[in-house]
Amino acid sequence: AGYEAEPFLVADASGSEARAGHEIAARLGEPGDEDLLVLLADSQSVDVNALSQGLPEALDGATVLGAGAAAVPRGRPLLWSGAEHCSDAVSGWILRGARPRVSVAQAGRALTEPLTVTRARGHWVLGIAGRPALDVYEEAMRLAGLDASPESPSPLLVGLLEGEEGGAEEPLARNVVGLDPARRAFSVPEPMYSGRRLVFLALDGEDAREELARRTRGLDSHDPRFGLYLNCRARGQALFGEPGVEVREIANVFASCPLVGVTGPFQLAPLAGGRSPSVLTYAGVLALVS
C-alpha cells in the first residue's frame, strides 16, 4: 500500500519490560505522531502491565496497539521476526505515516455505580464502601441473576476505573480469580489499594454486540486501505453465541477493506481519546489505515 514498515524482535523481555520500549525505539528510531506500532508479547513470561507502563516515554507520539501471543498446546508462546524466533520476547512492527483510526469495543454491562475500595491487601479486595467486599460482590451477582455461591464460577467481572472521579472513563475489565468466604473478600489479577474505584460488570452477548456496532460505525475513517483487528479469545462465539459476528459487522461498515486479525489473551490500546495504551481483556480493537 506504499507504507514503510519495519519489524522488530526483543528477546529476554522478562524482567526488562519497562526498558523494552527504549530498545524498540533504539532499533527503529523514535516514532512520529502518524506512526502505528503493533506489539505481540509472550503472554506467559512477559509482565504486560510493566510493558505498557514503559512504552509511552520511549514511543511517545505513536499509536501503540498490541496483543498477547498464546501458548501452543505443548509449548510456550513463540515470537519471531524473519529467521529469528524465541519465547520470552516481544515482537511486532512499525508502520510509518499510517495515521490510524482506532476503535475499542469492550464487553461488560455495568451492574453498579462506581464503588470505592476501602480495604485491600495485595490482590485481595477486603472492603468496599465500608462493607465486606464479598457482600457487595454477592449483591451484584444477584442483580445479574447469577448464582452467588463460591462453588459456582460466574461471568461476573470487575471493571477497574482509572483517572479522576467524575471524568470520562472506561472500566478495565478483569476476572474475579478468587473468593475467600472467611475474610469476605475476593481477588483480581492486579494489585489493589484503598481508594481505587471499580464497578461490577456482567458479560452480555447482546449488549456486547450493540457496543461493537456502535464503536465500529462511529469510527471516522473513509475508504480505508486495510484494517487490523485484535480480539480477545473470550469474545467470538464464546460471547456472542455464534461465530463470525465481529467480522460481519466490520465488513458491513467497511465492505471493501482488507482485514487481518489475531486472537489472544489480552490487548493493548488507548482508551477515551488517550494515546498511552491500556491493558485490556474482553476487548476487540479495530485499527484502520486510510
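This is a predicted model: local features need pLDDT of at least 70, side-chain atom pairs count only at pLDDT 80 or more; totals for chains, interfaces and linings use all residues.

Analyst: Residues are numbered from 1 along each chain as its sequence is written, and side-chain values use heavy atoms, with hydrogens and water left out.

The residue is Gly145, with a positive phi of about 70° just after H3. Helices (H or I, at least four residues) and strands (E, at least two) are DSSP runs, numbered from the N terminus.

Ala144 belongs to the loop that links helix H3 (133-143) to strand E12 (156-161). Ala144 has 23% relative accessibility and therefore counts as partly exposed; buried means under 20% relative accessible area, exposed over 50%, and partly exposed in between, with a 1.4 Å probe and protein chains only. Within H3, the buried residues are Ala133, Leu134, Val136, Tyr137, Glu138, Ala140 and Met141. Apart from neighbours within four places in sequence, Ala144 is in contact (heavy atoms within 4.5 Å) with Leu111 and Ala202. Asp204 is 60 residues away from Ala144 along the chain, and their C-alpha atoms are 9.9 Å apart.

Elsewhere, Arg174 sits in strand E13 (residues 172-175). Arg174 counts as buried because its relative accessible area is 5%. Its side chain makes a polar contact of 2.6 Å with the side chain of Glu190. A polar contact is a pair of N or O atoms within 3.5 Å; within protein, one must be able to donate a hydrogen and the other to accept it, and residues adjacent in sequence count only if both atoms are side-chain atoms. Leaving aside neighbours within four places in sequence, the contacts of Arg174 include Leu157, Val158, Leu160, Val279 and Leu280.

Next, a sheet. Six strands form an open sheet of mixed pairing, in the order E1-E6-E2-E3-E19-E20; two strands pair if DSSP finds at least two bridges between them. Strand E1 (5-10) and strand E20 (278-280) are its edges, each pairing on one side only. From one strand to the next, the twist averages 20°. Helix H1 (residues 17-28) packs on this sheet, touching E1, strand E2 (36-42) and strand E6 (90-95), and its direction makes about 140° with that of E1. Axes here are lines fitted to C-alpha atoms, for helices over the stretch in contact, and angles run from 0 to 180 degrees between N-to-C directions.

E2 has 6 of its 7 residues buried, so it is largely enclosed by the rest of the structure. E2 runs parallel to E3, with 7 bridges between them, and Leu37 has Val64 in E3 as bridge partner. With E6, E2 pairs in the antiparallel sense over 6 bridges, where Val38 stands opposite Trp93. E3 (residues 63-69) also runs antiparallel to E19 (residues 267-269), joined by 2 bridges; Ala67 is partnered there by Gln267.

On cysteines, the structure holds 0 disulfides, a disulfide being a pair of cysteine sulfur atoms within 2.5 Å. Cys232 counts as buried because its relative accessibility is 4%, and Cys257 counts as buried because its value is 14%.
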